[in-house]
Amino acid sequence: MIEINKNYRSFDALKLALAASPVCMVTDILLSVTQSIMQTGALALVTADFVDTASAILKGVRPRNDIYLPLVLLLVTLGVTTIIGALIQLVSSRIRLNLKRRLIPSVVKIYAALDYRHIENNTSWELISRVSRDPVNSIMEGVEAYIQSLKIIISLASVLILIVTRVWWAAIIILFFSAPMFWLSVRAGRKVYQAGREAEKFNRRTEYLGEVLTGRDNVDERTLFGYSDEINGKWQNQYEAGRKLQLKVTARMFLFIKGSSLLLVLISLLVALTLIGPVLTGQMTAGWFMGIVSAVFGMIQKLGFQMSRSLENISRVGEYMKDLTAFASMSQTKDSLTEPDAEPMVFKSLEFRNVCFRYPGSERLVLDGMSFKMEAGRHYAFVGKNGAGKTTITKLLTGLFPQYQGEILINGKELREYSASAVKALFSVVYQDFARYYIRLKDNIALGDLHRKGNEMEAAHLAGLDETVNSLNHGLDTPLGKIMAGGQDLSGGQWQRVAIARSLNSRAPVKILDEPTSALDPISESLLYRDFERLMLGKTTVFVSHRLGSTKLADEILVIGSGRIIERGTHDELMAANGPYAEMFEAQRGWYL
Amino acid sequence: MNTEKKNDTFFQVITRIIPMQFQAAPFNCILENILAVMHGLSFSLTVVATQHLFDTISKASASQADFSDCMFSLFLLTGATFGQQLLNGIHNFHGTGILFPKSSGKMTVLLHKKLKNIDPAQFENTDFLDDLNKAREGIQAIPLCCMILFLCVSFYGVYFLSIGTYLFTLKPMLLITLLLAFIPAIMAQTINIRVFTRLEEQSAPLRREHEYYQKAICDREYFKETRILGAFSFFNQLFTDTLELLTSKIWRAERKIALLQLVLNITTFAGMGTSAYLLFTATMNGEITVGMFAAVFAALGQIFDIMNEIVSKHIGSMNRDIGKINNFLHLLEMPDRTGSSGIPDFTIGVAAYGISYTYPGRENPAVKDVTLNLAEGETIAIVGENGAGKSTLVRLLTGIYRPLEGRVIIGGLDTAKIAPSSLYKGISGVFQKYQRYKMTLEENVAISDSLAKAGLDQAESALREAGFEKGSIRMEDMLSPEFGGIDLSGGQWQRIAIARGLYRVNDFIVLDEPTSAIDPIEEIRIYKQFQRLAEGKCALVVTHRLGSAKLADRVVVLEAGEIVDMGTHDELLSRPGKYADMWAAQAQWYEREEK
């Protein structure tokens, strides 16, 4: 794996490629240099030699046999230029693959270790997606652009050197005129690139509409509501608008590319013009003239495009490297990639002391002076309306957001002072938006306790998954979801039971269930409640729910409103108090009277 | 379907995509070809001009021509090159700047239109999703492939024809040069196609798996849970393993192609060498001048370069794309869900006769032999355990899926025979997987009935009815931070989804488990509203909350895809059975404690 540093410039694309695949990278550069010398300077030289020898033979000045050496040289040059291309292709695809193998895991590793707040924050999320979308291509484009630039420079230099050896002053004239031109090209290239980025922004919306029209998740609504035509119309409008914007950018780009090509034609004219005199005076042979002019005019065709593309891609990779730098320097959570401790610590108590919290980038205080204490071995329930801050409590507890004010004490010691692996081993959470891992059912459950295998079947049984397991083609070994071959999808409720089984498999002393029953049917829900007490014997449980039936089981119910505890007590106490809890409970009971 | 499908050959594909391309942008296709012809001619012209200059220079070195002769020849060459570069710019600009984006837009529209008519059940099929993914990549491949073909015929063809004529006038034998350059190119392309189509087929599932493992570590959906479970190493292992497999697979294909390229290049070189030798003997025999030799020799490089360009770049990229194009074409060939038109009459209600349905790739049917009649104005609640087939039944009863056995008649129309556009007129719904469209608030509601153009007032009243707390949010506000809009809570989104269902003019409405993110007091309000709104309409409610089933005229109890009981709430409660069990299980939590 490649170490990713925190300070990259455009040029570092080459270093990354070199680190990923040193041998191939050096080979690639050597081959590229050889190719450009062969195609220009060497070819001009052998052509000159051949033409001059042939002319001399035709004039009868030299013997006929003298032609064979120049001919062989000519053919060898030709042969090398022809064959070298395939080798370069092979080497560069090897570099690409090595980069993929060595770089992407590094990017993923950084990504996985980022502070959780970056994931929920949209600005940083955009940067993260931009960087992780296609790092290999972004870097390879830059690498190829640098190599291309090198080839251009070598080509030009080799021809220039040839000219210098014959008529030195011609070379000076050429340099004098071409240097400012190149400088202009570089500047124009940057501008074109920036304009292109503007147009790219526009296309994001078009892409989204395309997803609406082709995606899997909204197939029901798409079919029934029949909005395909309407959205397709919108898509077309967006696309056309974006296309026209892009057209202007492309037009400008071509103007620039061809502008520089036409300038190159003029420079070539200049070269040829300065060389006519020496030919007439005999200072230069006709063969040399032909060799040089062929090389120079031959370059025009390729150079215009290659030069501008390389410049554009160098600018692009520069931007990418900036993003990569920003990505690598984002704050990471210490030990975030560790596995939970093999043996969870003994849990005694958990206390929130005047905790205040707002999500990064948000003004609203989600928790506003939250204080409560929980003891080991008891069952607690959090209830309250949506947005009251129930789920936020679970996020703080598990260390996802350490930037809270106030104190969270575990066994009397501040949460932030524990190691990440200890906290992971302490809590097992079934989130409302629990993850549906599209891997084998067995692995889905096994993830609950990475240090202990073999209890998956029992956990599945306890979570009421027996029937599901039987209905799957390969039982516990069936891959879930549509990713792996032979994968089978589960319903929302079945998935939720998988999540519960995962939690049951965990040996964490504190179990948090965030709305665990919202997708369960009545019987399963009821069974779950009943089993829960039995299953969680000796454990501390925290239920987050607005299904008040479940909360009756709790030893203590904490009612949350506007970021703090507004009521707490047993079910009976709260009903007797006739406060917000009683109101909600009565409303729900209304159904069953 | 994926394994059985045959892939069309290269030429079959070409004959199919060329007409598509011309249909997409007829004028631009013609212009593209005209530009290509002129561009091709300009290349040959520069060769002639180069020869002219070299001849003059040869004479000049022998003092047979003066400075002005050389100047004239040089300006001729410069002029030709200038024109060639200009044409090159215009031609390329037209191709990449105009023709390509224009036609790939048209192709995308074609795909969108096709997807509209494809059986929605296909979206549950992994193979189809795979193919769809590849077909989406095929969108750009078609115009690209066609442009390369145009280039081959009108540009390279014209170039080779004109340069061939020129060579022929110099020495007929030199024509062999072109032949020598062509043969290896054609040989290679047939083998090339196979390698890349196979790579694509083989690596697609692996790539999907690999990309998924990255998601399981990095995506928002998974991030926090993977972290807290400490499952990074687990997924990272899978991730790097699949990466190794994938890259070694790609490497094998790349290596094969590169070796092939090498052999091809050696053949090409043999051709070049032979041509050079022919030129050489002609020069030595005095048949052509040294100037001609140099000009043609320089052009020889160009001829073989261009040939190399066609083979390794253009044909190469065409070969890489042909698999994707095949997928696109196969998708377009899939059967359309069409049917005759008709007007549903909901006074007849909705009926299902012995319907069964099995998802592709599954053994057990999700719905088995269900017969059900929903009378005019009746509300039926469907209850059952998870996986009992409730959502599938809803999809069948609304005509989203067509039953594999039996018939579903909606308002007198057979869902298997009537075109979707007629069928869904008058049906609305709120789905379990409701969408959060990254559009404006108004669009989010009005998307359910885009033909109605009912307007802002209608959308606002639907939102009010659904209990959406508008606050300072305006109808034209974008509901997506990604596009510079605002972020809503899950509960707010659910209310939008309900408003969406209400907005669509309907006589038959489906409510699939709408309350999972709404608190108890809200939930009751919405169910009551729904009951009111369902009055006089056919309605289906899928629910876990048996309390809400009380509001329905009839309750259908589903188990393992079959109806096990049916009746009013009271009837079902009065007799022992699944429903009574479920009710008892749930209601106990709310019974008053007798002290």
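Trainee: How many residue pairs are in polar contact across the interface of chain A and chain B?

Mentor: In this predicted model, the rule finds 37 such residue pairs, both members being at pLDDT 80 or more. Each pair is called a polar contact because an N or O atom of one residue lies within 3.5 Å of an N or O atom of the other, with one able to donate a hydrogen and the other to accept it.

Trainee: Which helix of chain A gives the most to the side that touches chain B?

Mentor: That is helix α9, residues 228-281, which supplies 26 residues. By class, the side of chain A that touches chain B comprises 85 nonpolar, 43 polar and 42 charged residues.

Trainee: Why is the pairing of R216(A) and E124(B) called a salt bridge?

Mentor: The separation from N to O is 3.3 Å. The rule asks for a side-chain nitrogen of Lys or Arg within 4 Å of a carboxyl oxygen of Asp or Glu, and therefore the pair qualifies. Across the interface of chain A and chain B, seven salt bridges are found.

Trainee: How many residues does each chain bring to the contact?

Mentor: Chain A brings 170 residues and chain B brings 172. They are counted as in contact because their heavy atoms come within 4.5 Å of the partner chain.

Trainee: What area do chain A and chain B bury between them?

Mentor: About 15700 Å² is buried, with carbon and sulfur atoms accounting for 65% of it. In chain A, the residues that lose the most area to chain B are L224(A), W591(A) and Y592(A), yet together they make up 6% of what that side buries.

Trainee: How do you know that domain 1 and domain 2 of chain B are in contact?

Mentor: Five residues of domain 1 of chain B meet the criterion with six residues of domain 2 of chain B. The area buried between the two domains is about 450 Å², 61% of it from carbon and sulfur atoms. On the side of domain 1, P120(B), A121(B) and E124(B) lose the most area, together 78% of what that side buries.

Definitions and conventions: Residues numbered from 1 in each chain as written. Chains lettered and ligands numbered in written order. Predicted model: local features only at pLDDT ≥ 70, side-chain atom pairs only at ≥ 80, totals over all residues. Heavy atoms only, no water. Buried area = accessible area lost by both parts, 1.4 Å probe. Polar contact = N/O pair within 3.5 Å; in protein donor to acceptor, adjacent residues only side chain to side chain. Helix = DSSP H or I, 4+ residues; strand = E, 2+ residues; numbered from the N terminus. Nonpolar A, V, L, I, M, F, W, Y, C, P; charged D, E, K, R; others polar.
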